[in-house]
Amino acid sequence: MRRYIFIFYLSAVWTLACCSDGARNVSGFIHATYSVGGRLKNMDEIRQSDFRQIQFVYLMACPPLEMADFARDKQFIADKYVNNFSYPAGEEGDALVPSLIEKVHADGSKVLISFPGVDFDRIVHVPEQRQKFAAMMAQFTDKFGYDGIEIDWEHTVTPHTHLWLMRDIRKELDRLAEKSGKVYYLTTALNSVHQYSKSVADSLCRYVDWVNLMMYDMGGGIWEDAVATHNTPLGDIREIVENRWGVFESQKLCIGLASYGFYYKGIKPGIKVEGCLKDYGRYFDYNELPALLQNGWIEEYDAVQEVPYYFSPDKEEFVTIDNLMSLEKKMDWVKKQNYRGVFWWEFHSDFQFAREGESRGTHYFMDFVSGYIQKNMEK
């Protein structure tokens, strides 16, 4: 009888350890952002960036990955992707990654290396290759002083293979933590179209600290066989997250915000066209919008989706992007639903260099949300 009680005790301890954030727990509401290393402009941008208003930067600056390499031996993988890899010399782009990491840490925030999930499915179903892949990511994290790993797996993901990969990465990060005493975080970003069962969601949450839901690129973007509509429609977002993602605890979900949108010419919102929307439109940073408004562009608010369109005077061009009112409504909903936090794609889309006489740059959208969090969210 004692033997069974002891086994039950060990099982309970293991379950509690896996299902809680433990030493990785972050108090308060999470405000985070993605940053693409290749978009880093210069050292002035890094010096002027204020990372104190966010807790995490998901930095896309990993080496180009060749998935076939992970069928080779561990030493080859470690040499190619870690030991012999270094960020390039120069004054822009990925050359500034080490300086960015240093600045984020100096501001008291964390940096996670973000690995984009192109062709991940080619290796994760083979246990040996998946484990070598996870080991490489942990070694890379350790070498360059990152605080953890973010897996941005958007399209070919299946729930069980995703779970296996995150489990193996968590094991490798725990090994690092045991050796160094440092805290390592593990998060993952998912496209809103995926579907997880309650059992897989619960298992996934044993290994990840939270899940980032990418609630943007929802209006056709520049893709084929799509319709140009709102990039971040709150009405659709509410329905998708509350219904499709309700199997996750609200405190395990962070909601994606966009400081960019899409510009279109020669088409109307909601009208299907032949071919690819890339022939009619492109990505559009917020920083481009003020010039259009000065040239007579007009805002029209969609009360159903609670986001605006911006139209040229002749109505032949339009932009889908948030404004401060639509962002406030999104934050009101996030607060009401008790979600874990919010994050941005992408840091540079609304960044403006410091004005004369000032030392800090500004973000039109991010600064507004920071103010909302300070006013309305418990720390």
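# Briefing: helix packing, backbone geometry and salt bridges

D225 is located in the loop that runs between β6 and α9. The model described here is a predicted one. By the distance rule applied to the side chains, the count of salt bridges comes to 24.

- D225 has a phi near 55°, which is a positive value in a residue other than glycine.
- The relative accessibility of D225 is 58%, so this residue counts as exposed.
- D217 is likewise found in the loop between β6 (210-214) and α9.
- Phi of D217 is also near 55°, again a positive value in a residue that is not glycine.
- D217 counts as partly exposed because its relative accessibility is 30%, a value that falls between the 20% limit for buried and the 50% limit for exposed.

**Backbone: a cis peptide bond**

- The peptide bond leading from W345 to E346 is cis, and its omega is near 5°.
- E346 belongs to the loop between β13 (341-345) and β14 (351-352).

**Packing of helices α9 and α11**

- Two packed helices are described by the distance between their axes and by the angle between those axes.
- For helix α9 (residues 234-244) and helix α11 (residues 324-337), the axes come within 11 Å and cross at roughly 20°.
- This angle makes α9 roughly parallel to α11, because angles under 35 degrees count as roughly parallel.
- The crossing in which α9 passes α11 is right-handed.
- On the α9 side, the contact is made by L234, I237, R238, V241 and E242.
- On the α11 side, K329, K330, W333 and Q337 make the contact.
- Sorted by class, the contact of α9 with α11 has four nonpolar residues, four charged residues and one polar residue.

**Salt bridge between R39 and D285**

- The side chains of R39 and D285 form a salt bridge, with an N to O distance of 2.9 Å.
- R39 lies in the loop between β1 (30-36) and α2 (43-48), whereas D285 lies in strand β9 (residues 281-285), so the pair ties together parts that are 246 residues apart in sequence.
- R39 counts as partly exposed, since its relative accessibility is 31%.

**Salt bridge between E288 and R282**

- E288 and R282 meet through their side chains in a salt bridge of 2.9 Å, N to O.
- E288 has a relative accessible area of 29% and is therefore partly exposed.
- R282 is partly exposed as well, with a relative accessible area of 36%.

**Salt bridge between R355 and E358**

- The side chains of R355 and E358 are joined by a salt bridge with an N to O distance of 3.5 Å, which lies within the 4 Å cut-off for such a pair.
- R355 is exposed, its relative accessible area being 59%.
- E358 is partly exposed, with a relative accessible area of 42%.

**Salt-bridge network**

- A network of salt bridges links D50, R52, K103, D107 and R360.

Conventions. Residues are numbered from 1 along each chain as its sequence is written. This is a predicted model: local features need pLDDT of at least 70, side-chain atom pairs count only at pLDDT 80 or more; totals for chains, interfaces and linings use all residues. Side-chain values use heavy atoms; hydrogens and water are left out. Axes are lines fitted to C-alpha atoms, for helices over the stretch in contact, and angles run from 0 to 180 degrees between N-to-C directions. Helices (H or I, at least four residues) and strands (E, at least two) are DSSP runs, numbered from the N terminus. Angles under 35 degrees count as roughly parallel, over 145 as roughly antiparallel, 65 to 115 as roughly perpendicular and the rest as oblique. A crossing is left-handed if the near helix is turned anticlockwise from the far one by less than a right angle, and right-handed if clockwise. Contact means heavy atoms within 4.5 Å. Ala, Val, Leu, Ile, Met, Phe, Trp, Tyr, Cys and Pro count as nonpolar, Asp, Glu, Lys and Arg as charged, and the others, Gly among them, as polar. Buried means under 20% relative accessible area, exposed over 50%, partly exposed in between (1.4 Å probe, protein chains only).
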